[in-house]
Amino acid sequence: MSGTIVSNRIRQLRFEKGEITQQALGERIGVTRQTVNAIELGKYSPSLEVAFRIAEVFGVPLEQVFQYNPVRSPSKRPS
Amino acid sequence: MSFREKSAWITLIAILLVFALYALHGPGVAVPGRFELHALLACFVAFLVIEAIAWLVLRLRYPEDARTPKDERDRLIDLRATRIAARCYVVLSFLAIAVAIHLTHDNLAVGYYVVLAFATAEIVNYGARIIYYRRGV
């Protein structure tokens, strides 16, 4: 339940790309500020669509935003 | 804390308050017959009133958040919590019916336990939402 095997650089990219707030990023990708926060903290893995929107906002490829860490064994069962 | 998490807290507290009172008026404690039906109705109305007032206060205090539609995380949390609660309700209902028939042979007691099973499932539902919001989904 807690933590995902996908890490991300959203917080870093927000500050590199003009200090975008979580609220502003959320509005641009169609999610709430709390969801942006949950993604940054690794508490929620976004859908592919939202992931691509985030990459588009920062103007970088998807793999520069999200990294898959297969070392951590997934504790979640597929739903 | 998001608006929807606050709403979940309100509903959870309202259910706990109202159905704790309802549980105190169960078979063996309450006067049997119509009183239990009245207690159930009173609890239902009390729950609606508490929910409506708390929701209105929340909406007036956080108007911007209240207008924000559910996003994909909210919908996922809804689905997962509802799935857990539905399973819980089915299992508890069968248990409630079995226990009530075995112990009391009273139709009103069956109804009483089924309502308690429903309330418990709703507590599980909103409890799961809060856990998913706080610990991640």
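In chain B, the axes of helix 1 (residues 3-24) and helix 5 come within 9 Å and cross at roughly 155°. Axes here are lines fitted to C-alpha atoms, for helices over the stretch in contact, and angles run from 0 to 180 degrees between N-to-C directions. Helix 1 of chain B and helix 5 of chain B are therefore roughly antiparallel to each other; angles over 145 degrees count as roughly antiparallel, under 35 as roughly parallel, 65 to 115 as roughly perpendicular and the rest as oblique.

Please note that this is a predicted model: local features need pLDDT of at least 70, side-chain atom pairs count only at pLDDT 80 or more, and totals for chains, interfaces and linings use all residues. Residues are numbered from 1 along each chain as its sequence is written, while chains are lettered from A and ligands numbered from 1 in the order in which they are written. Helices (H or I, at least four residues) and strands (E, at least two) are DSSP runs, numbered from the N terminus.

Which residues meet between helix 1 and helix 5 of chain B? From helix 1 of chain B they include B:W9, B:L12 and B:F19, and from helix 5 of chain B they include B:I123, B:Y126 and B:I130. By class, this contact of helix 1 with helix 5 of chain B has 13 nonpolar, two polar and three charged residues. Ala, Val, Leu, Ile, Met, Phe, Trp, Tyr, Cys and Pro count as nonpolar, Asp, Glu, Lys and Arg as charged, and the others, Gly among them, as polar.

Helix 5 of chain B covers residues 107-135, which is 29 residues, and reaches 41 Å from its first C-alpha to its last. That is close to the 42 Å expected at 1.5 Å a residue, where the expected span is 1.5 Å times one less than the number of residues. After helix 5 of chain B comes B:G136, with a positive phi near 105°.

Now turn to chain A, which has five helices and two strands, running β-α-α-α-α-α-β from the N terminus on. Its helix 2 and helix 3 (residues 33-40) pack with their axes 8 Å apart, at an angle of about 105°, and are therefore roughly perpendicular to each other. The two helix pairs can be set side by side:

| Helix pair | Angle | Axis distance |
|---|---|---|
| Helix 1 and helix 5 of chain B | roughly 155° | within 9 Å |
| Helix 2 and helix 3 of chain A | about 105° | 8 Å |

Two residues of chain A deserve a visit. A:L13 lies in helix 1 of chain A. Leaving aside neighbours within four places in sequence, A:L13 is in contact with A:F58 and A:V65; contact means C-beta atoms, placed from the backbone, within 7 Å. A:L13 counts as partly exposed because it has 19 C-beta neighbours inside 10 Å. A residue is buried with 20 or more other C-beta atoms within 10 Å of its own, exposed with 12 or fewer, and partly exposed in between, with C-beta atoms placed from the backbone. A:E19 sits in the loop between helix 1 (10-16) and helix 2 (22-29) of chain A. With 8 C-beta neighbours inside 10 Å, A:E19 counts as exposed, and it has a positive phi of about 55° although it is not a glycine.

Finally, where the chains touch, nine residues of chain B are in contact with 14 residues of chain A. Helix 4 (residues 72-103) of chain B gives the most to the chain B side, with three residues.

Key
Two residues are in contact if their C-beta atoms, placed from the backbone, lie within 7 Å.
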